[in-house]
Amino acid sequence: MNLNTAARLLPLTTDYLQRLLLLPLVIAMAISSGCSSYGTISNPPALSDTRNDYSIESVLKNKPQGKLTLLLAFSGGGTRAAALSYGVLEELNATQLTIGDQTINLLDEVDIISSVSGGSFTAAYYGLHGKKTFTEFKSAMLYKDIENQLIDGALSVSQWFSSKSRTDMAIDYYNREIFNYASFADLQNSHSPLILINASDLSSGARISFTQEYFDLICSKLNHFPIAKAVAASSAVPLVFNPIVLKNYRPCDIGIANRLMQQTSADHNYELQQTINTLTPYLNDNLPYLHIVDGGITDNLGLRAIYDVIELSGGVQAFLGHVDKAITAQIAVIVVDAATQPQNTISMTNQPPTIKQTLQTINDIQIHRYNSSTITLFSQSLNNWKNQLSSSQTIDPYLIQLNFSQLPSARIRDQFNQIPTSLSLPNEQVEQLISAGRMLLRNHPQFKALIASLRDKKTQK
């Protein structure tokens with residue numbers, strides 16, 4: 001590894017890149033990178049029909065029609081993000097509502113969970129284990145000292161002579177300790193929401209979701225792809241972890257339809273056109289290999305992935321038609337944003353900022369500005385979807401943003417903003433984050449309004 005190259009690439013990274021500032025890990029990277037393998041192909045070709053593999057269409061078609069449309073987005077941020085999103089799942093599970101003569105559990109109503117980086121650990125585990133998550137996930141992931149386990153492995157003498165990369169080590173650990181070697185075929189549960197684990201392709205700049213529709217673009221099969229590898233890709237901070245390499249097997253002759261990009265033009269929609277521009281090269285055989293890294297580079301909230309799959313299908317009405325779902329009176333989106341705003345001390349002195357301060361500040365600026373534009377885009381889209389669907393009934397949209405700025409006092413906000421982006425946190429901090437996730441959701445005005453609306457209105461079955 002060339003550290004000058006690392007410095008040039010730093011602006012690409014998400015807030016999880018703060019871990020790069022750990023000198024021992026950088027040294028371990030430099031020592032081990034010369035011996036580690038890279039370029040091992042992680043995905044098989046599609047040799048038969050993939051319509052029954054883990055796809056947006058197949059999962060949502062099999063999921064029973066709910067009383068409302070409920071979407072969750074889990075941000076990046078290491079264990080901090082995993083614990084905060086876990087708290088939101090707990091609160092949803094604790095929310096029981098009686099509608100007419102039927103009692104529902106709000107967690108059972110979730111249709112899609114879209115996640116990046118740290119949030120992908122929680123989303124993937126819940127997709128695999130459902131409500132067993134509430135008895136298993138803390139010990140399986142949240143209480144584990146994952147980061148130091150990976151650092152110790154990178155620093156071990158045996159790693160110097162190993163052909164395994166740092167990413168391989170992480171995948172092995174996640175497989176063994178968290179996901180028990182599960183694959184996407186194990187996510188095929190008729191009552192589970194669609195789990196969108198999101199990553200970024202360094203070669204094209206595309207957002208990639210681990211669903212069969214995206215794998216169809218490269219003539220590959222997803223069902224036997226390991227969950228641990230997808231989560232590792234979603235959280236693979238550039239330079240700290242090697243990208244995961246996927247092969248584009250085009251051209252293929254098995255008649256795979258383009259189920260993702262139904263919308264082939266996007267006049268006057270710059271965001272959608274950008275997405276189409278990054279995905280089209282896969283279809284034209286221009287990109288033989290994908291180098292997959294942290295999903296937070298292209299969307300640190302997980303919201304744009306939801307936007308993409310809906311708009312690429314031709315809009316919300318077309319999307320609902322593709323997945324055989326009825327229009328519901330309530331559409332709710334809960335965004336769990338674990339980004340922090342630690343105190344910036346650069347302005348307190350006339351001395352030049354340290355490298356650490358500079359990197360952290362650049363990273364924070366990029367994250368918060370991009371998150372703001374993502375929220376604006378999604379809020380506008382939600383209103384557009386409401387207008388498109390309101391011809392048949394009145395639609396109530398709810399965009400529920402949860403973040404640390406909503407905590408009740410400056411002292412508590414400062415306390416949470418100092419929690420590092422790490423895969424190792426004290427159990428006490430984990431519990432504080434879980435409690436914060438529950439409280440932020442329970443007290444959010446839009447969430448209260450959603451509950452009142454569900455209780456007061458008859459929803460379409």
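## A salt-bridge network

Glu-90, Glu-91, Arg-438 and Arg-442 are joined in a network of salt bridges, where a salt bridge is a side-chain nitrogen of Lys or Arg within 4 Å of a carboxyl oxygen of Asp or Glu. By this rule the count comes to 13 salt bridges.

A word on the basis: this is a predicted model, in which local features need pLDDT of at least 70 and side-chain atom pairs count only at pLDDT 80 or more, while totals for chains, interfaces and linings use all residues. Residues are numbered from 1 along each chain as its sequence is written, and side-chain values use heavy atoms, with hydrogens and water left out.

Buried means under 20% relative accessible area, exposed means over 50%, and partly exposed lies in between, with a 1.4 Å probe and protein chains only. After helix 13 comes Gly-314, with a positive phi near 110 degrees.

Asp-308 forms a salt bridge with Arg-207 (3.0 Å, N to O). Since Asp-308 sits in helix 13 and Arg-207 in strand 6 (residues 207-209), the pair ties together parts that are 101 residues apart in sequence. Both Asp-308 and Arg-207 are buried. Arg-304, in turn, meets Glu-271 in a salt bridge of 2.8 Å, N to O. That pair connects helix 13 to helix 12 (residues 270-283), so parts 33 residues apart in sequence are tied together. Arg-304 is buried, with a relative accessible area of 2%, whereas Glu-271 is partly exposed at 28%.

Lys-131 and Asp-108 pair through their side chains in a salt bridge of 3.1 Å, N to O. Lys-131 is in the loop between helix 5 (118-129) and helix 6 (133-142), and Asp-108 is in the loop between strand 3 and strand 4 (110-116), 23 residues apart. Lys-131 is partly exposed, with a relative accessible area of 36%, and Asp-108 is partly exposed at 39%.

## Thr-103 in strand 3

Strand 3 (residues 102-105) contains Thr-103, which counts as exposed at 51% relative accessibility. Leaving aside neighbours within four places in sequence, Thr-103 is in contact (heavy atoms within 4.5 Å) with Gln-96, Leu-97 and Thr-98.

Conventions. Helices (H or I, at least four residues) and strands (E, at least two) are DSSP runs, numbered from the N terminus.
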